[in-house]
Amino acid sequence: MKQMLTIALLLAGSLSAHAKLNVVATLPDLASMARDIGGDKVTVTCLGKPGEDPHYIQPKPSYIVALNKADVLIENGLELEIGWLPALLDQTRNGKIRPGGPGRVVASAGVPVLDLPTGPVDRSQGDVHPGGNPHFLLDPDCGKIVAKTIAAGLKQAAPGDAAAFDDGLAKLLARIESAQAEAGKLLAPFRGAKVVTYHKSFPYFVERYGLVVVGTVEPKPGIPPSPSHLAALGDRMQADGVKVILQEQWHETRTPAVVAKKSGATVVVLPTQTGGDPAATDYPATIKLLAEKVAVALK
Ligand SMILES: [Zn+2]
């Protein structure tokens with residue numbers, strides 16, 4: 001009997017030692033960090049594609065399958081995924097990843113949030129940032145906080161692999177640090193440079209590197225511009241000598257091109273997520289590439 005118990009325990013031990021943690025991440029940057037931290041202890045599935053607007057990801061039946069199997073779900077938080085993730089989770093039966101469940105990791109936890117609403121939150125105009133700006137991954141300092149949050153989530157789900165996750169985290173933090181130092185050097189000459197952005201995606205980025213956003217093509221996040229808004233934006237760009245409109249890969253370029261033409265500016269489409277460019281191989285590489293592209297545009 002004692003021998004059988006020992007064999008059973010050994011078997012259970014060897015099974016758990018080889019069972020990989022199933023991790024689902026909503027965004028490519030979060031998936032990249034989970035892969036780097038988890039190494040061969042995790043299998044990572046990413047729902048959003050690099051060129052897909054994280055506010056409006058198209059749900060697929062395969063996402064429900066992945067969520068049903070997930071031990072851990074990593075989401076950005078701050079309502080970035082509110083338009084699509086809750087509806088998918090309604091169709092899954094997986095207590096581990098329910099809100100507050102042991103496998104639910106919210107990347108925004110611990111991040112110093114920008115654009116926090118000062119008055120009552122009003123979604124009536126369709127603003128997609130009602131709880132503060134959710135685009136914190138464009139600042140590597142926030143990225144480091146997120147990496148630690150993800151590592152803590154993985155450790156909670158698989159305490160036996162804690163040492164491996166700590167090791168993966170330390171290596172990732174060192175690489176983010178080095179990418180951040182390079183990005184800082186590249187953008188140092190442009191402190192105070194004025195830019196316009198399409199969506200309000202760059203507050204964390206410009207705060208980190210000392211750029212100044214003087215206007216956005218969207219009057220409010222997620223709201224299409226009116227002709228009068230665009231006319232005023234064009235005037236502002238001319239008056240301020242703005243040379244670039246920065247935007248992500250999922251926004252149309254026709255409207256910003258018309259505004260840019262008026263003041264001789266250029267529209268710069270940036271790979272803002274892991275996988276958005278062949279060189280954006282992971283989160284640290286994306287941070288560095290983004291800085292390189294912005295520096296080239298501002299020259
Ligand atoms: Zn947004």
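Mentor: A residue counts as buried if 20 or more other C-beta atoms lie within 10 Å of its own, as exposed if 12 or fewer do, and as partly exposed in between, with C-beta atoms placed from the backbone. This is a predicted model, in which local features need pLDDT of at least 70, side-chain atom pairs count only at pLDDT 80 or more, and totals for chains, interfaces and linings use all residues. Residues are numbered from 1 along each chain as its sequence is written.

Trainee: Is Asp115 buried, exposed or partly exposed?

Mentor: Asp115 lies in the loop between β4 and α5, where helices (H or I, at least four residues) and strands (E, at least two) are DSSP runs numbered from the N terminus. Its phi is positive, about 60 degrees, although Asp115 is not a glycine. Because 16 other C-beta atoms lie within 10 Å, Asp115 is partly exposed.

Trainee: How many other C-beta atoms lie within 10 Å of Leu78?

Mentor: Leu78, in the loop between β3 and α4 (85-90), has a positive phi of about 55 degrees without being a glycine. Leu78 is buried, and the number of other C-beta atoms within 10 Å is 23.

Trainee: Which strands stand at the edges of the sheet?

Mentor: Four strands form an open sheet with parallel pairing, in the order β2-β1-β3-β4, where two strands pair if DSSP finds at least two bridges between them. An edge strand has a single partner, so one side is left without a neighbour in the sheet, and this applies to β2 (42-46) and β4 (104-106).

Trainee: What is the bridge partner of Ile74 in β4?

Mentor: Strand β3 (residues 72-75) runs parallel to β4 and is joined to it by three bridges. For Ile74, the partner in β4 is Val105.
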